[in-house]
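Dear colleague,

Please find below the structure that I am handing over to you. My findings follow it, arranged by topic.

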Amino acid sequence: MVRSVYFYYLFLLNALMNLVNFVPRILIGDRFDGAVMGVMLAIPIGMLFMYLFVRMITKFPGQGFPEIFAKYLPGWLGKLILFLLAFVWFSASSVTLVGFMDVTGRYISPDVSPYTILIGFLAVVCLGARRSSESILYALEIILFIMVPLIVYMTYRAISSPYFQWDAVKQVLTYFWTAPTLTSVAAATYIFSGYANVVIFNRVFQKLRVRHYWAIALIGGMTAVMAMLAPVGFLGAEGAGFHVYPAFSTVDSLRIRYFIIERMIYIFYVVYLCLSLVNSIIHWHVAKEMVLGAIEKPVSRSQDRGPSQKKRDTKEWWILAFFSAAVMVGASLMDQFSNNLIGIWFLNMRLWAELLLLILLAFCVLRRRSRA
Amino acid sequence: MNRIKQGILLLCFLTQMLLVSGCEFRDIDLRLFIVAMGVDTVEDNPDVLKYTFKVAVPMGDPKSGEIKSLILTQVSSSIAKAAREIKSKVDKELDFGHCKTVLFGESYARRSIREMQEWTVRRRDTQLIMYPAVAVPDAETVLNISPATERIAGNAKALALSEEGTESPYIVKTYMFDVDRRIRDEGIDPFLPVIGIVEGGSPMLNINKVALLDKEKVRDILAPEDTKIFNLLHVRNLRTDLETMMHGNHYNLNVDRSRAVYQIITTEPGKGEIHYKITIGGNLEEKDDYNKLSHGELIELEKSFNESVAKDVETLLLKIRDTGTDPTGFGLRYFGTHWNNATEKQQWKDMYPGITFKVDVQVDIKGTGYSR
């Protein structure tokens, strides 16, 4: 059982993850077409989703979605939806992993085969995703404690640099009144969707209570603004759109004078490598538990290592093996542009999936009330 | 039994990973580091360019003070090709990761720097924080010069351009990412430092001019004194001297605080004025009048400085305006402070050639040094 503070960690991890790959690229791509307004809209939307979700999930203390669905939804429907949701979580992590494989090949070791890199990532993620929910949350806490100060330092260095071009930022901000695209709203709301992992992790929360929504809104908003405007400040209002990984190019433009290494990008890479892996571990853990919940009878978690546990282990391995194979195949089929396109598809899909999640949860709450 | 199988599988897997990465990674003693490169035009053949690479030859002991470098030249139709062609002239893997300086020969820079500049931004192992510069008379000559004070091969240019070593008011500082965004963005144009050589005597570099570029080629090269004023406008707390005449005597000020801010004011439709406000603080360093200086005279002196600096600045700004370039980014400021995004670009284009400047300088002389 863990305290409510881990809820904030889950949110923070997801928010920080989105300072890099798809979200900034989409927001920068739309910077003259309504991304600024998109971010402004995304903050209330994201917060509303989070608030509603927390309100509803606290009605089911200690239960994950598989248990809730088994109780309140017809069997076949519950299973179908679990599979669907598992697919959303799985795609979240696979776009991250494939994206990061690409980044590693591009910036760190172009001589190493991308599949070797991916196999390395998958090994870590598979082994990590099999740990218990508590262990994963503890690991998340430690990683965040190490990485957040580094991210804060890098952000500070970027903003305080004399090369940060505020005029370019202002130029982008003057496009405030352009109507936003759905894609940019979907991208910016993703920053707030860390809460969704609670669908499984709710099992281990002692008594989930979330306060300080203003702090969450503030951090999320700052993240969204940074994701979009830091690259603009460094790479130019027009120029930012020419970079494949705006966040990485931005950090590569920073120079640390009095440190053992000169290019900030190496620190940034390590930080985001750790965060990506933890993020993927969490996503795979959730997806795996969803699939397990769909194909297995609900079992009480405190069961000892009996014969049924062993069976469960085997199933887990098969699920993870299937996931890994799917990622490998996906990675071999994708190039830079299709990877980006799939990222955009995913971000749009997950906005609707989140809505579906809320509706389902509301439905379960109503069923529960009518039964009581 | 199962455990053992798992263990063996894991072991196989891990050993395989060692093999895969091992054969593709080259150790540091098998690499040659390019520390600077340059590009020149070739007389009587406009289709090819001459690329020069300065390679640091690894030495046993860096403290011995002995440095060795190798200059490789290659005439080729493109830089990517030249980099490959040069590989067959050396025994080790060429590594661009430590290349700090890129020189554009003057005649090349007067034609267009885009090809080389694009390549350095696109290629992943060339840093975005390289120092670009224009070389006079040409890049090869400048690369061949190793000043007697140089302790690490090719280091002198990078040290001077980075202001990590010498801190001269005549050296303008820019990075490759800065040049890139200035090329991409409207309303701001790149500038580059100009590296010349000292004729006669021991080999020495002389970096005291700035080249103003339109989006791709050098339009004008400013004289050293103009370069100093240029720096005063763009660098906060520039360490420089300023000169004035009062009652037929020379006075020199050592500047330790400086700040230049500006505002674009539309005086009437289609006409603009840029108001510069420059605050300078410093101490008197030299005076030709050897009598004691009274407080009243000091105030008078400040006024005299105000006028002479304002005059220099205004002359320079008009000169830059008349070259048609905009290294300060007045245009970008204009776009960033105006909300009519559709029409602002045309407005500015019509306005800039006839724009006027009003310069207000506030010199504050804190003291007269050790003697009055």
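I begin with a strand in chain B. In this predicted model, strand β6 of chain B is joined by 2 bridges to strand β7 (residues 191-197) of chain B, and the two run parallel. One of the pairs to look for is V134(B), whose bridge partner in β7(B) is V194(B). Strand β5 (residues 101-105) of chain B is also joined to β6(B), here by 5 bridges, and this pairing is parallel as well. Within it, T101(B) has Y131(B) as its bridge partner in β6(B).

Is strand β6 of chain B mostly covered or mostly open? The strand comprises residues 131-135 and is mostly covered, as 5 of its 5 residues are buried. Y131(B), A133(B) and A135(B) point one way from β6(B), while P132(B) and V134(B) point the other way. Residues on both sides of this strand are buried.

Chain B also holds an open sheet of 4 strands, in the order β10-β11-β12-β13, with mixed pairing. Its edge strands are β10 (240-246) and β13 (356-367), each of which pairs on one side only. On average, neighbouring strands of this sheet are turned by 40 degrees against each other, direction ignored. Inside the sheet, strand β11 (residues 249-268) of chain B runs antiparallel to strand β12 (residues 271-287) of chain B, and 16 bridges join them. I264(B), for instance, has I274(B) in β12(B) as its bridge partner.

Next come the domains. The domain assignment divides chain B into domain 1 (26-222) and domain 2 (223-372). Their C-alpha centres lie 31 Å apart. Where the two domains of chain B touch, domain 1 gives 19 residues and domain 2 gives 23 residues. On the domain 1 side, β8 (205-213) and β9 (218-222) of chain B are the elements that give two or more residues. The largest share of that side, 5 residues, comes from β8(B). By class, the domain 1 side has 9 nonpolar, 2 polar and 8 charged residues.

I turn now to chain A, whose secondary structure comes to 15 helices and 0 strands. Chain A has a radius of gyration of 21 Å, close to the 21 Å that the globule rule gives for 372 residues, so it is as compact as a globular protein of that length. Its C-alpha trace spans about 60 × 45 × 35 Å along the principal axes. Of the 372 residues in chain A, 48% are buried. Among the contacts in chain A with a separation of 6 or more, 88% are between residues 24 or more positions apart.

I143(A) lies in helix α7 (residues 133-160) of chain A. I143(A) is partly exposed, because 19 other C-beta atoms lie within 10 Å. Leaving aside residues up to four places away in sequence, I143(A) touches C274(A), L275(A) and V278(A). From I143(A) to W345(A), the separation is 202 residues in sequence and 29 Å in space, C-alpha to C-alpha.

Yours sincerely

Definitions and conventions
Residues are numbered from 1 along each chain as its sequence is written. Chains are lettered from A and ligands numbered from 1 in the order in which they are written. This is a predicted model: local features need pLDDT of at least 70, side-chain atom pairs count only at pLDDT 80 or more; totals for chains, interfaces and linings use all residues. Domain bounds come from an automatic or database domain assignment. Two residues are in contact if their C-beta atoms, placed from the backbone, lie within 7 Å. Ala, Val, Leu, Ile, Met, Phe, Trp, Tyr, Cys and Pro count as nonpolar, Asp, Glu, Lys and Arg as charged, and the others, Gly among them, as polar. The radius of gyration is taken over C-alpha atoms; the globule rule is 2.2 Å times the number of residues to the power 0.38. A residue is buried if 20 or more other C-beta atoms lie within 10 Å of its own, exposed if 12 or fewer, and partly exposed in between; C-beta atoms are placed from the backbone. Two strands pair if DSSP finds at least two bridges between them. Axes are lines fitted to C-alpha atoms, for helices over the stretch in contact, and angles run from 0 to 180 degrees between N-to-C directions.
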